[in-house]
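Subject: Structure handover

Hello,

Here is the structure I said I would pass on. My notes on what was found in it follow below.

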Amino acid sequence: MRVVPVLLLAWSGAIQAAPEVVSLEQASALYEQHCLSCHGVNRLGGAGPALLPESLSRLKPDEARAVIHDGRPASQMAAFGDRLDAAQIDGLVNYLYQPAATPPTWSDDDIRTSHRILADVKALPSTPQHGADPLNLFVVVEAGNHHVRVLDGDRFEELANFPSHFALHGGPKFSPDGRFVYFASRDGWVSVYDLHNLTMIAEVRAGLNTRNLAVSNDGRWVLVGNYLPGNLVLLDAHDLSLVKHIPAVAVDGTPSRVSAVYTAPPRDSFVVALKDVKEAWELSYAGTPNFQPRRIPAADFLDDFSFTPDYHYLLATSRKALGGQVIDLDTGEAVTDIPLPGMPHLGSGIYWKRDGQWIFATPNVSKGLISVLDLDTWRLVKEIPTEGPGFFMRSHLNSKYAWTDVFFGPNNDAVHLIDKQTLEVAHTLRPMPGKNAAHVEFTNDGRYALLSVWDTNGALIVYDAKTLEEIKRIPMNKPSGKYNVGNKIEFAEGTSH
């Protein structure tokens, strides 16, 4: 239904349009007319992504207005600027950011109905068909146009480029042999892609708002953590068929969202952080598992976490401790709190050996510093000042530097290289001045470092990791992250897990 602007006759005789407000009821009618066919009943998604506040949390309203008006290049999202006026677009955006009138649900039947097999794995060759080193491939998430690129990490040439679901969330994960890569989108779609044959194999919608996923180190299982509904969804890793869902409910019956799920290879288990209850879970997948969670009481709510190199301890972000909480995964006991300033991003922290001792370094999303911890004593070794708050850190066993961005604030075009032995900033790069530089990943041998410039007119920049000479610049639309197959499946030192 089109809302006709009210016209006022100005004193000068000119005709002007008066300000107009479109009600939620009118905006709902606009959604049904223009959006429902792609984005589904109750905004749950269809050919297009879900349009719920939970799914749009990283899309600013002004960006949503621009997408409705101008469409999205290289996607099915058409431009509606010729059909909807400014007031209608404003009303529609306001409606999309409102909670659903009926709380959305996603059942086992919904999951099974969404499941699609796209290729028969058994009919495909079991060896790489592209001639590149399968352990030195890079999977690049190009967030600006919702595509994924596969790059040969020796020649830095593109092997494949394909559309992804809306807003892939968290880093993709790999099968233990590196053949398959698994993606999770913010609105719940999980996909598996064959890197040997450059072919999408299957997909399923495991939830409505998904946090991340993990793959078991035996290659049998995929565990998906959801914000909405608050649960874990277990999938068969071969074809993404549903095995079971596990409600995220505390021992006292309190429901929760899932903050994070990772695999702990030496433990043959998944480890899960719950956002709204003071528990961490461990789910064993050894032998014939039943996936009953082992509940580990926590002294606080845990948002994200990292492991020590031996997977004995969990370092979890803790609001109460104003920093981190250390949990012994064997005993289930909280060992200590680690007071740290600001908001440390422990999930992006990395570890390395300094003077023969393991240390752990974490960026901070609210303060311009890197906190370095001794993993034997849990004491703070040093705070390294940076030009602003950061989000990602990366290194490699063969690199003398830890690379960290300055993701937030006016200096986000800078990337610091920290000497891993002196703990001093040795170099600062500005690959594209004025544009956000973030997320570094190394080739499998550590010879080259690939850095993202998160901009519509951004790039993937390849550096010689020793000389820091720029080797190649590949134009891209907001390449949010890139992941080296070998480093990920080896859980290599300096790479987040």
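**Helix 1 and helix 4**

Helix 1 and helix 4 are roughly perpendicular to each other, a label that applies to angles of 65 to 115 degrees, where under 35 is roughly parallel, over 145 roughly antiparallel and the rest oblique. Their axes come within 8 Å and cross at roughly 95°. Axes here are lines fitted to C-alpha atoms, for helices over the stretch in contact, and angles run from 0 to 180 degrees between N-to-C directions.

On the helix 1 side, the contact involves Leu 24, Ala 27, Ser 28, Leu 30 and Tyr 31; on the helix 4 side, Gln 88, Gly 91, Leu 92, Asn 94, Tyr 95 and Leu 96. Contact means heavy atoms within 4.5 Å. By class, this contact has seven nonpolar, four polar and no charged residues (Ala, Val, Leu, Ile, Met, Phe, Trp, Tyr, Cys and Pro count as nonpolar; Asp, Glu, Lys and Arg as charged; the others, Gly among them, as polar).

**How to read the model**

This is a predicted model: local features need pLDDT of at least 70 and side-chain atom pairs count only at pLDDT 80 or more, while totals for chains, interfaces and linings use all residues. Residues are numbered from 1 along each chain as its sequence is written, and side-chain values use heavy atoms, with hydrogens and water left out.

**Strands 31 and 32**

Strand 31 (residues 437–442) has six of six residues buried, so it is largely enclosed by the rest of the structure. Buried means under 20% relative accessible area, exposed over 50%, and partly exposed in between (1.4 Å probe, protein chains only). Strand 31 runs antiparallel to strand 32 (residues 448–453), with five bridges joining them; two strands pair if DSSP finds at least two bridges between them.

**Backbone details in loops**

- Leu 228 and Pro 229 are joined by a cis peptide bond, with omega about -15°. Pro 229 sits in the loop between strand 12 and strand 13.
- Trp 378, a residue other than glycine, has a positive phi near 65°. Trp 378 lies in the loop between strand 25 and strand 26 and is buried at 12% relative accessible area.
- Leu 468 is not a glycine either, and its phi is positive, about 65°. Leu 468 is in the loop between strand 33 and strand 34 and counts as buried at 15% relative accessibility.

Regards

How values were computed: Helix = DSSP H or I, 4+ residues; strand = E, 2+ residues; numbered from the N terminus.
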